[in-house]
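Here is a short briefing to read alongside the model. Have the viewer open and follow the topics one by one.

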Amino acid sequence: MLLLSDDGELTQRLMHPDFHHPKHYEVELARPMDADFVTVMAAGMDYGEGQVRQCQVRALSPTRFEIVLTQGKKRQIRRMCRHLGNRVVDLCRTRLMHLILADLPEGKYRPLTNAEISELKASLAQLPELK
């Protein structure tokens, strides 16, 4: 899921890690996860780029998991997996706050509805300004 916008303020409030918006991803690994993988991923870690926040992680299969980040550092998921000895082969953002990718085919797009834009702006208007 990629969100394109010409509204800089909206984009800043959506994507900046200080606002803690949930971003859902499905991840496929090159090899099966070991027994501690999900626990260690969820606890947050320092993979060499500073400490990352705790997150929600749920195994979907031996090589697939879902992760919900509220931070989203550059290549965070890939670097966390590499730190734990595995490699990401596929990564897809499936949800950003209440916006859901659903069954939109890869390479296709759709405009946000007026209701989705209004809901985004309403939820973001309640947040404090960054200092």
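What volume does the largest pocket have? The largest pocket has a volume of about 690 Å³. Please keep in mind that this is a predicted model.

**The largest pocket**
- The lining is made up of 22 residues, and those closest to the pocket centre are L2, L3, L4, Y109 and R110.
- Two elements, β5 (99-100) and α4 (114-125), each give two or more residues to this lining.
- Sorted by class, the lining holds 14 nonpolar, two polar and six charged residues.

**Helix α1**
- Helix α1 spans residues 8-15, and its residues L10, R13 and L14 are buried.
- In general, an α-helix has 3.6 residues a turn, so residues three or four places apart point the same way.

**K23 in strand β1**
- You will find K23 in strand β1, which runs over residues 23-29.
- Is K23 buried or exposed? K23 counts as buried because its relative accessibility is 2%, with under 20% as the cut-off for buried.
- The side chain of K23 comes to 3.2 Å from the backbone oxygen of H21.
- Apart from neighbours within four places in sequence, K23 is in contact with L14 and M15, with I67, V68, L69, T70 and Q71, and with R95 and L96.
- One of these partners, L14, is also among the buried residues of helix α1.

Conventions. Residues are numbered from 1 along each chain as its sequence is written. This is a predicted model: local features need pLDDT of at least 70, side-chain atom pairs count only at pLDDT 80 or more; totals for chains, interfaces and linings use all residues. Side-chain values use heavy atoms; hydrogens and water are left out. Buried means under 20% relative accessible area, exposed over 50%, partly exposed in between (1.4 Å probe, protein chains only). Helices (H or I, at least four residues) and strands (E, at least two) are DSSP runs, numbered from the N terminus. A polar contact is a pair of N or O atoms within 3.5 Å; within protein, one must be able to donate a hydrogen and the other to accept it, and residues adjacent in sequence count only if both atoms are side-chain atoms. Contact means heavy atoms within 4.5 Å. On a 1 Å grid over the protein atoms alone, a cavity is a set of points where a 1.4 Å probe fits but cannot get out, and a pocket is an open set with protein on both sides within 12 Å along at least five of seven lines; lining residues have an atom within 4 Å of a point. Grid points are joined across faces, edges and corners, and a volume is the space filled by probe spheres set on the points. Ala, Val, Leu, Ile, Met, Phe, Trp, Tyr, Cys and Pro count as nonpolar, Asp, Glu, Lys and Arg as charged, and the others, Gly among them, as polar.
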